[in-house]
Amino acid sequence: MNTFLHQFAKSNDWLTSKNSFSLIAGPCSLESEEQIHSTVQEIAKNGVDMIRAGIWKPRTNPGCFEGIGKGGLKWLKEAGNEVGLPVTCEVATPEHVEACLKEGIDTLWIGARTTVNPFSVQAIADSLSGVDIPVMVKNPICPELALWIGGIERLYRAGITKISAIHRGFSTTEKDAYRYSPVWEIPLKLKQKLPDLPIICDPSHICGKRNLIENVALTALAYGFDGLMLESHVNPDKALSDAKQQLLPAQLSNLIKNLKAAKTAD
Ligand code: PEP
Ligand code: MN
């Protein structure tokens, strides 16, 4: 028996929300002080619980925009402070962790291309020893539940108690409409194995296109996920990363209304 699965059952639920599910929203990447400020001002009107933005971007090919770098952390934190919301960003190295802690970033997340590498997750976990900041662990990019659980266990063993999982879809050879296949049975199995672990769905990265997002978000809520992470940008067509999947703040607002209506109807 995996003793971690047994121990984790005693961990607590930390992800709170103003609604019946948590909402984390923000741009794929922080691109400038003005972009994060205007995006956050708009999306905060929708009753979201936390602001997201990537500062260091794991791009598939070199030569693309790879994030604004640590100078952007201050703008992210200020944008959150202005609307009274906590902020989160992706960390992939101990240096990222150090920079985030220094700037008072409230919550960290580990990306799909990092969860896949136990050395990287362990280095992040070690750099967090003694700091009980909430950490969200995206699924590894490959459809392997054990690797996802292993990443969560590495953080837990380092003393992190406020952990959640993020389901962002998997890279498979299957050709479907999605950018990354949801393979719902994997997050559902995780829920079964770790019933006290909050789990968030990230329909933006699963879908890769705006028009599919609502359906995936509704499916996640119907499965009892605890929250959603959604990408939104004031000018998505001009976004420096993930342009096709980011929602205008007005589209985000509409989506949230529909999700809340569906949730109260069930
Ligand atoms: C992101 O959230 O913008 C991102 C790069 O995520 P993932 O690790 O899911 O690809
Ligand atoms: Mn993105």
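**Close-up views of a predicted model**

**View 1. Strand S8 and its partner strands.** In strand S8, Gly227 is the bridge partner of Ser22. The model is predicted: local features need pLDDT of at least 70 and side-chain atom pairs count only at pLDDT 80 or more, while totals for chains, interfaces and linings use all residues. Side-chain values use heavy atoms, with hydrogens and water left out, residues are numbered from 1 along each chain as its sequence is written, and chains are lettered from A and ligands numbered from 1 in the order in which they are written. Strands (E, at least two residues) and helices (H or I, at least four) are DSSP runs, numbered from the N terminus. Strand S1 (residues 22-26) runs parallel to S8 and is joined to it by 5 bridges; two strands pair if DSSP finds at least two bridges between them. Strand S7 (residues 199-201) also runs parallel to S8, with 2 bridges, and Cys201 is the residue opposite Leu228.

**View 2. The two sides of S8.** Because 5 of the 5 residues of S8 (residues 227-231) are buried, the strand is largely enclosed by the rest of the structure. Buried means under 20% relative accessible area, exposed over 50%, and partly exposed in between (1.4 Å probe, protein chains only). Gly227, Met229 and Glu231 point one way, Leu228 and Leu230 the other. In a regular strand, side chains alternate between the two faces of the sheet.

View 3. Cys28 counts as buried at 2% relative accessibility, and Glu231 at 1%.

**View 4. Ser204 beside Glu231.** Ser204 sits in helix H9 (residues 203-207) and is buried, with a relative accessible area of 0%. Its side chain reaches the backbone nitrogen of Glu231 at 2.9 Å. A polar contact is a pair of N or O atoms within 3.5 Å; within protein, one must be able to donate a hydrogen and the other to accept it, and residues adjacent in sequence count only if both atoms are side-chain atoms. Apart from neighbours within four places in sequence, Ser204 is in contact (heavy atoms within 4.5 Å) with Ile213, Met229, Leu230, Glu231 and Gln245.

**View 5. Helix H3.** The 12 residues of H3 (residues 72-83) reach 17 Å from first C-alpha to last, close to the 16 Å expected at 1.5 Å a residue; the expected span is 1.5 Å times one less than the number of residues. Gly72, Leu73, Leu76, Lys77, Ala79 and Gly80 are buried. Seen down the axis of H3, the buried residues fall within an arc of 160°, so they line one face of the helix; the arc is that of the directions from the helix axis to the C-beta atoms. Their cover includes helix H2 (33-43), strand S2 (50-52), strand S3 (87-90) and helix H4 (94-103). Gly84, with a positive phi near 70°, follows H3.

**View 6. Thr16.** Thr16 is in the loop between helix H1 (3-8) and S1 and is exposed, with a relative accessible area of 62%. Not counting residues up to four places away in sequence, Thr16 touches Ser22 and Asp49.
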